[in-house]
Amino acid sequence: MLWRRAARSLAELLPKGLYKRSLLIVIVPMVLLQTAVTFAFMQHHWDLVTRRLSEAVARDVGALTDLYQKLPPGEDDTFLTNLASERFRMDATLLPAGPLPPVMPRSFYGALDPLTRILPNEIRKQVAQPFWLDTVGRSGLMEIRVDLGGRVLRLVTRRALAYEANAHIFVLWMLGAMIVLLTVAIIFLRNQIRPILRLARAAEDFGKGRDLDFSPHGAREVRQAGHAFIQMKRRVERATEQRTAMLNGVSHDLRTILTRFKLSLALLDNSPDSEFLQKDVDEMGQMLEGYLAFARGDTGESTARINIGSILEDLRADSERHGAELGVETRGDLDIRVRPMAMKRCVGNLVANAQRHAEHVRVSATRESQFVSIVVDDDGTGIAQAHREDVFRPFYRLDEARNQDEGGAGLGLAIARDIARSHGGDITLSDSPLGGLRAAVRIPV
């Protein structure tokens, strides 16, 4: 279970987007490979070259030490000094006898420098006398002192004779190649991810009922997914058109029969029976319009950018014409692309439902980041928590407390939620600060 927790923790830290994950898939193996190659180079090649060069320097030091010991001091010192300079590329000097300097403390840089580890061991193999070595200086030189007994041989030479000084060039080449490869990978990945993002935006716009202009691009698999989306979109639109045509035919036939009923009732004498029949015919017409509106879903309307505040003002004017009061409050930028008549119907159903069961109704619209929130509050009797999802089911009616769409078919809230979801949003019910019910609509911008 511990490894599962660790895996979940790691998954939380990893990026969630496809583009960033693809970059991670490219970058991590490349960095690991470059690190492994660099480490192998530093540990094997660099140490090997340094060891070979150090062996050569140690042999030169051993040879010069043997020469100074074998030959008598005097006039041959100048010859040996010139020989060390010309043949061994070392500045040789004889110092008076005395103790060697103390051992230099090893710094952090010295611990990482392979020369400080390899060269003393190689000199120890070639020289039996006590010696002192300084390779940590920043001048690019190193100094070697050998105690010959009566004299001290001091040798100064360049560090480059015993050390691969250009190893950093390999590291720079590796870093440069990695940067170039990463740049190319980023460019190609961005071009491959862009068609997928366009397909996702097209699917999102289609789900919100917005007009879209989409053509497949990118890799073969992405184009196949794009063509499949276009075919699905056409099938959905074709099915919707067929359903709308069928509903229009049914609506025409039923309206014709209702018109005949109305004409027949108009020819009858005014009597209590005819009034009841007229009321039944009117109620039947309203129910028919509700059924057709719910089945049709207002999908034939085109989207347009409007201000939600104008819809709320129209609803307030409609309420005043019918003798009801409606409080309206707006905040923020409320311009949004929706189907205007469908959105007005959605909010209008919520307002009508609230006015039917409450004395005071207030509607407010607010911009919240990537959403526009429309809230309808009332001071009515509310709806119990257990029934707040049931009331959105078509033809569902409450027998007590709050009977939505009274005199109708129980489709008002179902139509409102259907319209909200067709725009990519939703409707939720909760307790209102006014004491009744709050209906909140959230539509993405």
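The legends below describe close-up views of a predicted model. Local features need pLDDT of at least 70 and side-chain atom pairs count only at pLDDT 80 or more, while totals for chains, interfaces and linings use all residues. Residues are numbered from 1 along each chain as its sequence is written, and side-chain values use heavy atoms, with hydrogens and water left out.

**View 1. The five-stranded open sheet.** The strand order is β6-β8-β9-β11-β10, with mixed pairing. Strands are DSSP runs of E with at least two residues, helices are runs of H or I with at least four, and both are numbered from the N terminus. Two strands pair if DSSP finds at least two bridges between them. β6 (327-331) and β10 are the edge strands, each pairing on one side only. From one strand to the next the twist averages 15 degrees; axes are lines fitted to C-alpha atoms, for helices over the stretch in contact, and angles run from 0 to 180 degrees between N-to-C directions.

**View 2. Strand β11 and its partners.** Six of the eight residues of β11 (residues 437-444) are buried, where buried means under 20% relative accessible area, exposed over 50% and partly exposed in between (1.4 Å probe, protein chains only). β11 pairs with β9 (residues 371-378) in the antiparallel sense over seven bridges, and Val-375 stands opposite Ala-440. Strand β10 (residues 426-431) is joined to β11 by six bridges, also antiparallel, with Asp-431 opposite Leu-437. Five residues separate β10 and β11 in a hairpin, and Gly-435 in the turn has a positive phi of about 105 degrees.

**View 3. Strands β8 and β9 with the helices across the sheet.** Strand β8 (residues 361-368) runs antiparallel to β9 and is joined to it by eight bridges; Arg-367 stands opposite Val-372 in β9. Helix α9 (residues 308-321) lies across β6, β8 and β9, at about 175 degrees to β6. Helix α10 (residues 340-357) lies across β8, β9, β10 and β11, at about 20 degrees to β9. Contact means heavy atoms within 4.5 Å.

**View 4. The aromatic pair Phe-214 and Phe-229.** Rings of Phe, Tyr and Trp (its six-membered ring) pair if their centres lie within 6.5 Å; planes under 30 degrees apart count as stacked, over 60 as edge-to-face and the rest as tilted. The count by this rule is one pair. The ring centres of Phe-214 and Phe-229 are 5.9 Å apart and the planes stand at 85 degrees, so the pair is edge-to-face. Phe-214 lies in the loop between α6 (167-207) and α7 (220-267), and Phe-229, 15 residues apart from it, lies in helix α7. Phe-214 is buried at 14% relative accessibility, as is Phe-229 at 8%.

**View 5. Surroundings of Arg-417.** A salt bridge is a side-chain nitrogen of Lys or Arg within 4 Å of a carboxyl oxygen of Asp or Glu. Glu-389 and Arg-417 meet in one, at 3.0 Å from N to O. Glu-389 is in the loop between β9 and α11 (412-422) and Arg-417 in helix α11, so the pair ties together parts 28 residues apart in sequence. Arg-417 is buried, with a relative accessible area of 8%. Shared partners join Glu-389, Arg-417, Arg-421 and Asp-426 into one salt-bridge network. The charged end of Arg-417 also sits over the ring of Phe-392, 3.7 Å from its centre; this requires CZ of Arg or NZ of Lys within 6 Å of the ring centre and within 35 degrees of the ring normal.
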